[in-house]
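Reader: I've got the sequence and the coordinates open, and I'd like to go through the labels one at a time. Could you show me the cut-off behind each of them?

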Amino acid sequence: CEADVAIRQLFHFRETGETDSSTFSSAALFLFFIPYITLASFVYGIAIPSGLFVPSLLAGAAFGRLFGHLLHKLDHTSGTFADSGTYALMGAAAVLGGMARMTISLTVILLEATGNMQYVLPLMMTLMAARFTGNVFNEGLYDIHIHLKHIPFLEPEVPTIAERHEIVAGQVMSTEVKCLRPVERVSIVYDLLKSVQHGNFPIVDTASSGTLYGTASRSMLCTLLQRRAFGQPHDVNNGHYHSNSDGSVDYAELLGPKRLSPLVQWDTIERVYPRYPTIDDVELRPGDRNCWLDLRPYANTAPYTINETASIQRTYRLFRTLGLRFLCVVNHNNQVVGIITRADLLPESLSDSIMRGRNAHMTQGGGVST
């Protein structure tokens with residue numbers, strides 16, 4: 001029979017006697033529970049829609065009803081214990097609570113299924129006991145799969161290693177930052193998107209010694225390239241420009257408020273969400289690589305930033321509270337010195353940062369002593 005019918009029968013069939021045909025025998029419950037929970041444990045995680053919530057609910061209900069049935073056998077059906085359907089409900093709650101480690105939400109779900117408020121306290125006690133017992137051995141099944149799939153999930157609390165050591169943002173950031181200029185060559189943007197898979201890129205203003213101008217998302221850059229929203233080479237000061245002492249071009253002085261490329265409306269960029277074009281969808285013509293892409297109208301000029309001397313506790317809370325995917329790290333002159341992603345704030349990455357700091361300190365110390 002279907003799973004919902006089986007759960008309904010396990011919950012509602014009453015235990016009225018040893019020979020009553022409306023109940024399940026102990027052997028039937030045992031023979032159902034063992035292979036069912038074993039198969040559910042084996043097939044979870046493979047690429048088939050086997051489910052997890054309903055199998056846990058059904059296996060727990062079978063085990064709970066088996067336990068209640070055995071109690072009635074020991075009591076010779078004198079009515080000392082509750083009905084086996086109640087034990088089935090508590091067994092389903094216990095298995096679900098041990099698997100998912102949820103308490104309040106599962107209590108509400110099971111109360112909605114039963115419609116009886118007298119089960120509030122037993123359900124809460126059962127779910128709390130299942131949660132605490134499971135935490136002694138391992139994490140919840142969902143948390144385990146998050147780690148197996150290497151998903152950079154940030155826990156609500158700051159990692160313990162960050163509380164024990166004095167770590168700043170400059171120690172955990174990635175210094176290999178790929179930056180763009182407010183007005184950039186199409187060839188540079190295209191080659192950068194081809195070479196890396198980053199989702200966002202800082203935009204630095206070379207006219208002010210590399211201060212942070214804003215950020216540009218990968219989806220936006222691919223859309224601009226696909227729609228050919230760039231100007232021709234001769235649009236920059238009629239083809240003549242001068243360089244700074246370091247070889248960089250001062251575009252702010254050359255262009256001023258002038259826009260090089262045709263403006264693409266923001267609703268046009270977001271219209272294709274979530275199927276943004278990729279860099280593989282962009283086809284450049286032979287003369288497009290020398291054109292200019294003006295990023296100033298599209299840049300996010302107010303990105304979230306943090307100073308390189310900020311504590312890791314502040315960095316972690318800012319990152320997680322705002323749900324950020326990246327965080328630009330700047331110095332006191334608002335120059336980009338690094339970038340922090342979710343992976344940089346995981347406990348393993350923090351441990352590596354501490355070890356790198358210790359190794360660097362030992363190397364410096366050894367150099368001074370010799």
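**Labels and their cut-offs**

Author: Let's start with H10, whose buried residues are Val186, Ser187, Val189, Tyr190, Leu192 and Leu193. Buried means under 20% relative accessible area, exposed means over 50%, and partly exposed is in between (1.4 Å probe, protein chains only). Helices (H or I, at least four residues) and strands (E, at least two) are DSSP runs, numbered from the N terminus. This is a predicted model, where local features need pLDDT of at least 70 and side-chain atom pairs count only at pLDDT 80 or more, while totals for chains, interfaces and linings use all residues. Residues are numbered from 1 along each chain as its sequence is written, and side-chain values use heavy atoms, with hydrogens and water left out.

Reader: What do the buried residues of H10 pack against?

Author: They pack against E1, strand E2 (200–205), H11 and E4. Contact here means heavy atoms within 4.5 Å.

Reader: What makes arginine 289 and aspartate 191 a salt bridge?

Author: A salt bridge is a side-chain nitrogen of Lys or Arg within 4 Å of a carboxyl oxygen of Asp or Glu. For arginine 289 and aspartate 191 the closest N and O atoms are 2.7 Å apart, so the pair qualifies. The pair links distant parts of the chain: arginine 289 is in the loop between helix H13 (266–270) and strand E4 (292–294), and aspartate 191 is in helix H10 (residues 186–195), 98 residues apart.

Reader: Are those two partners buried, partly exposed or exposed?

Author: Arginine 289 has 31% relative accessibility, so it counts as partly exposed. Aspartate 191 has a relative accessible area of 37%, so it is partly exposed.

Reader: How do you know that aspartate 280 and lysine 194 form a salt bridge?

Author: Their closest N and O atoms are 3.1 Å apart, so the pair falls within the cut-off. This pair also links distant parts of the chain, with aspartate 280 in the loop between H13 and E4 and lysine 194 in helix H10, 86 residues apart. Aspartate 280 is at 59%, so it is exposed, whereas lysine 194 is at 41% and counts as partly exposed.

Reader: How many salt bridges does a search of the whole structure find?

Author: It finds 5 salt bridges.

Reader: Why is arginine 181 called buried?

Author: Its relative accessible area is 17%, so it falls under the cut-off for buried. Arginine 181 is in the loop between helix H9 (169–172) and strand E1 (183–185). Its side chain makes a polar contact with the side chain of glutamate 184 (2.5 Å). A polar contact is a pair of N or O atoms within 3.5 Å; within protein, one must be able to donate a hydrogen and the other to accept it, and residues adjacent in sequence count only if both atoms are side-chain atoms.

Reader: What about alanine 62: why is it called buried?

Author: Because its relative accessible area is 0%. Alanine 62 lies in helix H3 (residues 53–74). Leaving aside its neighbours within four places in sequence, alanine 62 is in contact with Leu10, Leu29, Phe32 and Phe33.

Reader: What makes tyrosine 273 and tyrosine 276 an edge-to-face pair?

Author: Rings of Phe, Tyr and Trp (its six-membered ring) pair if their centres lie within 6.5 Å; planes under 30 degrees apart count as stacked, over 60 as edge-to-face and the rest as tilted. By this rule the count comes to 4 aromatic pairs. The rings of tyrosine 273 and tyrosine 276 have centres 6.0 Å apart and planes at 65°, so the pair is edge-to-face. Tyrosine 273 is exposed at 59%, while tyrosine 276 is partly exposed at 22%.
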